[in-house]
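This report looks at ring contacts between aromatic side chains. The structure is shown first.

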Amino acid sequence: MTPAQAMLHAATGLSLSKSEVDRAIRQRVEVTGARDAAAYLKDIAPKELEALVELVVVPESWFYRDQQAFHAAADYLAARLASAPERLLRILTVPCAGGEEPYTMAMVLSDAGIPGDRFIIDAVDISQGCIERARTGIYGRNAFRNQDLAFRERHFSACAGDEFRINDDIRRQVRFKQGNVLEADLDARAGSYDVIFCRNLLIYFDKPTTRAAIAKLDQLLRRDGLLFVGYAEVPSLCQNGFAPLPYAQAFGLTREVAVERRKVARVAMPPQPLPAPPQARPTLRNAPAAASPPPRSPAPPPPPPPPSARAAGAPPGAVTAPTADLLADARRLADLGQVREAEGKCRDYLAQVPDSADAYFILGLLNELTKKLQLAEDYWKRCIYLQPDHYEALCHLALLAETNSDAATAAALKARAARIYKRQQAS
Ligand SMILES: C[S@@+](CC[C@H](N)C(=O)[O-])C[C@H]1O[C@@H](n2cnc3c(N)ncnc32)[C@H](O)[C@@H]1O
């Protein structure tokens with residue numbers, strides 16, 4: 001790690017590649033007129049560090065992103081309110097990016113008939129720019145990526161150009177604050193949140209930082225509260241005292257101890273979309289289920305990539321640091337929705353490391369994003385052909401099989417993922 005990478009890691013928790021950090025520093029050197037990177041970094045002022053952080057964060061979000069999470073949270077919160085009508089429900093979304101996530105929660109709760117004086121949403125992000133944008137409540141096309149935009153009719157008014165402003169009754173429900181999920185000032189509300197959303201942040205952290213962030217979320221969540229994360233983040237939570245709940249595609253968890261007491265399970269579980277394996281504890285559709293008979297292979301593996309794709313002279317698996325950065329860049333670009341650029345990075349990477357399961361996995365994600373599901377499936381199959389224990393690829397293939405109403409294949413893939421997950425936990 002370079003000193004600049006270490007500095008940004010300490011400030012944000014993010015694991016950033018050298019190229020990402022260098023690019024950000026170059027931009028700030030240009031803006032500030034510093035002589036060079038070394039001069040810029042020497043005794044960097046807190047305000048300038050904030051400006052640098054703005055350039056490395058990925059404030060990608062949109063309304064109703066992975067919307068099952070909001071509906072699952074609303075079901076749970078409505079049940080809580082029914083059992084204690086005088087309670088004020090507290091929800092935290094961290095990181096909240098430009099406010100799309102907390103405002104979505106507010107819209108879903110409002111549409112579910114939960115009165116505004118019964119819930120409050122705290123929304124936190126490390127980026128001051130994001131918090132300022134969120135407070136304005138004005139959004140362009142990029143924030144409306146779902147096909148069903150009926151919510152926009154109900155909760156927004158059109159502004160100039162093609163922008164929309166969220167209505168005040170929804171805006172009032174959310175309190176925005178700049179902050180770092182890893183830092184102490186969030187402790188003020190320890191143990192008070194019924195529901196926490198922490199989605200698409202832990203994927204940018206290394207293992208120790210992920211553990212520290214989970215410990216923080218653990219402090220903030222009520223004893224039997226629910227936590228929602230991104231699909232790829234579920235395993236980290238399971239390794240740190242949380243257990244998945246069976247909301248389809250919602251990626252919700254609760255503390256293991258709460259599952260054992262079966263309190264949340266009784267209050268909150270909606271009907272399951274798929275039968276759970278007989279001896280399984282509550283599981284999410286992409287999370288590990290109990291062991292079951294070995295699955296049939298879902299399809300014959302695709303052929304390995306042609307040897308000509310390997311870079312001349314590069315021994316297999318010999319990944320230099322700049323090459324490894326290509327994959328990190330691909331993930332970042334994928335998150336920004338820059339599909340073509342991300343694909344380019346994956347292909348550059350594959351040219352040097354042709355048997356990279358991770359590169360095929362990302363290509364699968366990119367094709368899923370652009371609705372080329374057959375191609376996505378082919379890439380994920382190639383991924384698990386190269387790395388049969390690729391947990392995320394197996395989960396994605398299982399979800400795809402479910403979407404295609406192929407319950408048998410989905411169950412087999414989930415069981416296989418479950419075994420891998422158990423094995424990984426055991427080691
Ligand atoms: C990809 S967005 C996720 C937004 C939203 N949760 C979602 O899933 O749509 C990641 C956000 O994390 C924020 N972030 C990065 N490090 C953070 C930290 N240590 N504490 C709080 N927010 C952080 C970034 O500013 C960025 O807005």
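The sections below cover the basis of the values, the aromatic pairs and the charges over rings.

## Basis

The model is predicted: local features need pLDDT of at least 70, side-chain atom pairs count only at pLDDT 80 or more, and totals for chains, interfaces and linings use all residues. Residues are numbered from 1 along each chain as its sequence is written, and side-chain values use heavy atoms, with hydrogens and water left out.

## Aromatic pairs

Rings of Phe, Tyr and Trp (its six-membered ring) pair if their centres lie within 6.5 Å; planes under 30 degrees apart count as stacked, over 60 as edge-to-face and the rest as tilted. The count by this rule is 16 aromatic pairs. Phe-63 and Phe-156 are edge-to-face, because their ring centres are 5.2 Å apart and their planes stand at 75°. Phe-63 is in the loop between α4 (46-56) and α5 (68-83), while Phe-156 is in strand β4 (residues 156-158), 93 residues apart. Helices (H or I, at least four residues) and strands (E, at least two) are DSSP runs, numbered from the N terminus. Both Phe-63 and Phe-156 are buried, a term for under 20% relative accessible area (1.4 Å probe, protein chains only).

Tyr-64 and Phe-151 form a tilted pair, with 4.5 Å centre to centre and 40° between the planes. Tyr-64 has 8% relative accessibility and so counts as buried; Phe-151, at 4%, is buried.

## Charges over rings

A charge sits over a ring if NZ of Lys or CZ of Arg is within 6 Å of the ring centre and within 35 degrees of the ring normal. The charged end of Arg-152 sits over the ring of Phe-144, 4.7 Å from its centre. Arg-152 also lies over the face of Phe-164, 4.0 Å from the ring centre.

Technical notes: Buried < 20%, exposed > 50% of the residue type's maximum accessible area, 1.4 Å probe, protein only.
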